[in-house]
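Me: I would like to go through this model and ask, for each label, what value stands behind it. Please set every value against its cut-off.

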Amino acid sequence: MKTNDTTKKIHILCVPFTSLTMPSLEISTLKAVLKEHDVDAEILTPFYDYACSLGGDVYCRISESIVGQAIFSALLFPHHQPALEKGIGEHMPPDEFRQHIQNSECFCREYADGLAGKLKESDIVLFHLYVSQLFPALYLAKLLYEKHGVQVWFSGHHCQGQCGESLQALFPFIRQVIGRDLEHRVLQLLGQSGLAQPHQMWEYPTPDYDDFGAAMNRLPAGFKKEHVGHFWLQVEFSRGCWWNQCSFCTLNCQWSSFAHKSVDGIIRDYKSLLSTYQTTQILVNEFNSDDQWENLIRRLNEEFPGMRGTYYLLFKVSAVKEERAMQLLAENHIPILVGVESFAKDYLRLINKGHRVIESIQLLKFAERHHVNCSYNIMFSLPFEREEDYDETKRVISYIKHLVPPFDLEVFRLTYGSPIYNNPDRYGIERMMLRKDYEGLLLPAEIHDHYTPFFYDFDSVNPGIREREARWRELIQGWIDLYYADARKGQSKLHCLLYKRQWDNVLDIYDAREGKGYHVHTLWGVERALYEYCDQVREYRDIIEQFSTVEESCLQTLLDAFVSQKLMFKEDANYLSLAV
Ligand code: SF4
């Protein structure tokens, strides 16, 4: 199937400050889809050339701070340069900043000149954006439009709904913005109807990384070895999220619905990438595994035994309730990232994660028991945070110091289109505004009221959120220090800080969560049976039924004692034994 105008070509530009080691999955998939529809498309990678001109270390350093964006903001808005110099002063001295502006201008102009003969007026230049590419994309797009008269299209981050509309209004050289369903929308705009539905992902071909591969091969050997050698080609297991209800989340914003690739499609992608690029540097890309994961892992391990253990999966807590699932993950050496988010009940309810705190704890216990590499983070600074949420988290952590702590504390970021953004009153937001130290600095004041950003600062009706940050960090650090105490001393951990041994009628629980050596609790009879029964989350009424020959008051006394000794966790009428 041809485009309506077969002389039209799509040039997909990958601009600074994208990652040097992670070729874009989205645009590689887009290229493959376009190729399949006989659309003439190529991926251009000026970010590699720019990084070479700066030096890889400098590129990485300035891309991690606001400086990279500020350089291109100064090129877009020359009158704003003095304010930028002042604003980024803590990151870079003015002389160095000015030099970067000058060098970047030369680079971009030479790059644009170099495309003469390659770009025709009817051609489309598509900029697909990740978070840190907006200002370089705007500047380069403006140059290419002015110099070659090409059609400029923007897609990706910053392009959804009013964000995209405001970009187009402020920068009229942008002909199209594509907020979601990239491949489908591009084909539509080209007058094609090849993809019947945007979510029919199982149809999609293997991402085409050829242009990235060729660009990497053109890099100077030293630069390539040092900065690009450890690259990753991504394989998409699924896109979007089948849950899609967390109040803070906009991960789904680029896709209109959840879709997964078929197992056969994923196997085909792996085969194709392994053989085409002769590399095992392949990474899974997904937000949230669905229920095909068991079958998928079994098939992948059968097909590629040498790749066993390299499939990293993401789960909702409620998707890994059974210990059997954790056993399977362990047997297949699957590391997991889990959406725990919070240990405070009310906080979690407003995050709307769809699971209970006690279920997170059960998952972490099973992961510890089966030695599954389990990562998760804890969010804080959400607008509905209260002192009680911090206190509640602290209380819960005192029960679970033997389980793996979060790898990160994530500061909440308010994003356009999230449920919190759409219902600010419900979530305690008093006022939303441009991020003062980011877009507020990068954009000249006269533009502020006309730009709809993707990220926001906010004021909350709940006091003390910012002031609490240090205490959150201290709390989690204390947990990390205890959990990894042996590793920090260069010793391996012999036992979990709360574990069981059993013989005959005796169950001993060894508890070292206070960091003062092990204290042993010995259980037998009903006490032991009750503790073992609650190895998975049990409701009170099920406990009563299970132990119908024991007086209820006696059961209640035992449960209360377990909870007060922190050997069990209780949430509402649910109980969970904690020993691993
Ligand atoms: S945070 Fe995770 S589970 Fe929640 S909506 Fe986003 S992707 Fe889905």
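Me: What makes a residue part of the group that surrounds the ligand?
Reply: A residue is near a molecule if one of its heavy atoms lies within 4 Å of it, and the ligand is surrounded by C241, W243, N244, Q245, C246, F248, C249, L251, N288, K316 and K353. The model is a predicted one, in which local features need pLDDT of at least 70 and side-chain atom pairs count only at pLDDT 80 or more, while totals for chains, interfaces and linings use all residues. Residues are numbered from 1 along each chain as its sequence is written, and side-chain values use heavy atoms, with hydrogens and water left out.

Me: How do you know whether C159 is bonded to C163?
Reply: A disulfide is a pair of cysteine sulfur atoms within 2.5 Å, and because the closest cysteine sulfur to that of C159, in C163, is 8.4 Å away, the two are too far apart for a bond. A search of the whole structure finds 0 disulfides.

Me: What makes β4 and β5 a pair?
Reply: Two strands pair if DSSP finds at least two bridges between them, and 4 bridges join β4 (residues 151–156) to β5 (residues 174–178), which run parallel. Strands here are DSSP runs of E, at least two residues, numbered from the N terminus. F154 stands opposite V177 in β5.
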